[in-house]
Amino acid sequence: MAKVTIDGTEYDTETMSDEAKAQVQNVVFCDRKLGELRNEAAVIQTARNNYAISLANLLNGDGDK
């Protein structure tokens, strides 16, 4: 018997309609995907920062090191 909380109210998924259960799964999928995208954005931001540092070093003549 799984429980899900929506807007502060707890619901039992066992008593939900099939359509409501499908919507819960859609929300779970979207939440998971958003988490993955946040992680991917963090990796890309880190890479971008390192590229900018490398570029700054090259432009300041420190790229020969």
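**Entry 1: confidence.** pLDDT is the predictor's confidence in each residue, from 0 to 100. Helices (H or I, at least four residues) and strands (E, at least two) are DSSP runs, numbered from the N terminus. Over the protein chain the pLDDT averages 94, and 94% of the residues score at least 70. I keep one caution in mind: where pLDDT is low, the predicted coordinates should not be read in detail.

**Entry 2: ground rules.** This is a predicted model, in which local features need pLDDT of at least 70, side-chain atom pairs count only at pLDDT 80 or more, and totals for chains, interfaces and linings use all residues. Residues are numbered from 1 along each chain as its sequence is written, and side-chain values use heavy atoms, with hydrogens and water left out.

Entry 3: I turned to the strands. E1 and E2 run antiparallel and are joined by four bridges. Two strands pair if DSSP finds at least two bridges between them. I looked up who faces whom. Lys3 stands opposite Asp12 in E2, and Thr5 stands opposite Glu10 in E2. The two strands form a hairpin with two residues between them.

**Entry 4: the turn.** Asp7 lies in the loop between E1 and E2. I noted its positive phi of about 50°, although Asp7 is not a glycine. Most residues other than glycine have a negative phi. Asp7 counts as exposed, at 80% relative accessibility. The cut-offs are: buried under 20% relative accessible area, exposed over 50%, partly exposed in between (1.4 Å probe, protein chains only).

**Entry 5: Asp12.** I checked this residue of strand E2 (residues 9–12). What is the nearest side chain of opposite charge to Asp12? It is Lys3, 4.5 Å away. Asp12 is buried yet has no salt bridge. A salt bridge is a side-chain nitrogen of Lys or Arg within 4 Å of a carboxyl oxygen of Asp or Glu. For charge, Lys and Arg count as positive and Asp and Glu as negative, while His and the chain ends are not counted. The side chain of Asp12 does reach the backbone nitrogen of Glu14, at 3.0 Å.

**Entry 6: the salt bridge.** How many salt bridges does a search of the whole structure find? It finds one. Lys33 forms a salt bridge with Glu36, and their closest N and O atoms are 3.8 Å apart. I asked how the two are placed. They are three residues apart in helix H1 (residues 18–59), so about one helical turn separates Lys33 and Glu36. An α-helix has 3.6 residues a turn, so residues three or four places apart point the same way. Lys33 is partly exposed, with a relative accessible area of 38%. Glu36 is also partly exposed, at 42%.

**Entry 7: along the helix.** H1 has 42 residues and reaches 61 Å from its first C-alpha to its last, close to the 62 Å expected at 1.5 Å a residue. The expected span is 1.5 Å times one less than the number of residues. I then took distances inside H1. Leu58 is in this helix and counts as exposed at 52% relative accessibility. Leu58 and Glu36 are 22 residues apart in sequence and 33 Å apart in space, C-alpha to C-alpha. Asp31 is also in H1 and is partly exposed, with a relative accessible area of 48%. The C-alpha atoms of Asp31 and Ala52 are separated by 31 Å, and the two are 21 residues apart along the chain.

**Entry 8: after the helix.** Just after H1, I found Gly61 with a positive phi of about 80°.

Methods. Polar contact = N/O pair within 3.5 Å; in protein donor to acceptor, adjacent residues only side chain to side chain.
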